[in-house]
Amino acid sequence: MTSDTIKFIYKDQTVKIKNPNPNETLLNYIRTKLKKTGTKEGCAEGGCGACSVVLAELKDNKINYFSVNSCIMFLPTLQGKQLILVEDLATDNDSLHPVQQAMVNCHGSQCGFCTPGFVMSLFSMFKNYSKFNDNLIKNSISGNLCRCTGYKPIIKAAKSLNNKNKNDQFDRNKKKTIKLLEKIKNESIVIYKENKRYFAPKYVQELKKILKKNINAHLLSGGTDLSLLVTKERKDIDSIIYMNSIDELNYIKNNNKYIEVGATTPLIKFENYIGKYYSDFNNILKRYGSVQIRNVATMAGNIATASPIGDTLPLLLSLDAKIVLKSIKKTKIVPLNNFFLDYRKTKLGKGQFIESVRIPLFTQNIFKAYKISKRFDDDISSVCASFNLKIVNKKIKNIRIAYGGMAPIPKRAKYCEKILSNVLITNEIIEKATQALDKDFKPISDMRASSKYRIIVAKNLLKKCFLEIMNKKLIRVAS
Ligand SMILES: Cc1cc2nc3c(=O)[nH]c(=O)nc-3n(C[C@H](O)[C@H](O)[C@H](O)COP(=O)(O)OP(=O)(O)OC[C@H]3O[C@@H](n4cnc5c(N)ncnc54)[C@H](O)[C@@H]3O)c2cc1C
Ligand code: FES
Ligand code: FES
């Protein structure tokens, strides 16, 4: 079924909007059309969390709650979901939701500008977990900035939720919500609004047909890069094909040789999965944007953006990942190592899309990755480094090293790899390898870091990697 009308659930009602503007943000709609001004605008680029709202959608007949930054989400992507705002948490008889009450009890608010965003992030945590420890709480609010209360009272409020009854009005209303969501979940959307077009297909076959006729359309997944064209650069995007409506591409498969991640799989789902195989991949993802960002952003989007500081890219390069590129008629499997051509230029052609990413499983290898950024949470890397190697009879084998932030593209350190191939680990060889990084990279200076800083950090990360390997007695330095 195709429709020009998006439908979503708000306050137990199905709301219909015919031909919405595909470039309107959800935040704008909430504040100016729904007239709910509890949700705030701070940065308009996904960085402060003031605009956080919670969405719910049906997954395997269960309700999945997740927080998003409404400032960088386009209104039509609300199709098929439930919208929950800070105004909706208190019950009709005005008793506060446990999350709100906890913030009051623990003095979690001063000027209050950030408070609705924090409340919604904590509400999402409250709905998704049964116990709230320090790590979970800090992770849940890592995308919310507060400049006056400080974080301690907010963390205290979150901790106090451990003693609260988890049964809230949303639980009590569950059956009704599931019925409402069930009715609106299966529609493909096609919008023609003045000079703008928006397509949200449900299946890959449908996507291909749309692509064939709209070869210049922008593919939109989580929108955490693309939407900034509208919110920051004040440009219009005339033609959009929304990928994340395709559930068929939301999967993680494992055939014991490689893990395959479908293009519309949100990073948060992948983050929870990959830790079993590559724990440092999970560590890096935990510091990737925020929960709000990772709830919608995809690895495919990170790859197609081809930013030199895209965090998954050096990791995927060192793991020798391949991408499955689809076009209307053909499928191509391309090593990621050949995909990046120049600054934000890739081999992705018109009419092509990334269908999935394949990550080989190196069960005998040591995998390490490091992210250096100005701020620990919710910040993009200055330098990101990733190492994948095997030690056989104390010798380094099959080493792959990749860096982000060191060149116009995320890139393997070929000279350095050569020095470290098939050799015993000695302090001299590690020193020689760090010097080879000068041949591999001539980084630029920008607002994140100077060229000099970047090269020193890159060398130190290489040393750190081997020191950690040696200290863990995974190998010994040859004398
Ligand atoms: C606040 C904030 C924090 C961030 N923090 C980080 C961070 O820590 N590390 C980091 O690496 N990035 C970060 N980013 C950048 C961004 O989140 C990532 O690049 C993200 O992975 C993009 O994925 P997406 O699904 O949102 O892509 P979108 O924004 O939907 O799309 C990005 C680009 O990819 C193309 N595209 C999308 N899907 C496909 C597909 N299937 N096939 C072909 N092309 C496609 C789009 O056309 C577009 O050009 C941050 C962004 C924000 C706003
Ligand atoms: S307004 Fe700052 S994250 Fe949306
Ligand atoms: S209470 Fe003022 S910014 Fe957080």
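Student: Taking a residue as near a molecule if one of its heavy atoms lies within 4 Å of it, how many residues surround ligand 1?

Tutor: There are 33, and the closest are Leu-219, Thr-224, Asp-225, Tyr-288 and Asp-311. This is a predicted model, in which local features need pLDDT of at least 70 and side-chain atom pairs count only at pLDDT 80 or more, while totals for chains, interfaces and linings use all residues. Residues are numbered from 1 along each chain as its sequence is written, chains are lettered from A and ligands numbered from 1 in the order written, and side-chain values use heavy atoms, without hydrogens or water.

Student: Which element gives the most to that shell?

Tutor: Helix H13 does, with five residues; helices are DSSP runs (H or I) of at least four residues, strands (E) of at least two, numbered from the N terminus. Strands E9 (218-220) and E17 (353-360) each supply at least two residues as well.

Student: Which polar side-chain atom lies 2.7 Å from an oxygen atom of ligand 1?

Tutor: One belonging to Thr-298. Backbone atoms also approach ligand oxygens, from Gly-222 at 2.8 Å and from Gly-289 at 2.9 Å.

Student: Switching to Tyr-10: is it buried or exposed?

Tutor: Tyr-10, in strand E2 (residues 5-10), counts as buried because its relative accessibility is 6%; buried means under 20%, exposed over 50% and partly exposed in between, with a 1.4 Å probe and protein chains only.

Student: And what does Tyr-10 touch beyond four places in sequence?

Tutor: Its contacts (heavy atoms within 4.5 Å) include Val-15, Leu-34 and Asp-88.

Notes. A residue is near a molecule or strand if one of its heavy atoms lies within 4 Å of it. A polar contact is a pair of N or O atoms within 3.5 Å; within protein, one must be able to donate a hydrogen and the other to accept it, and residues adjacent in sequence count only if both atoms are side-chain atoms.
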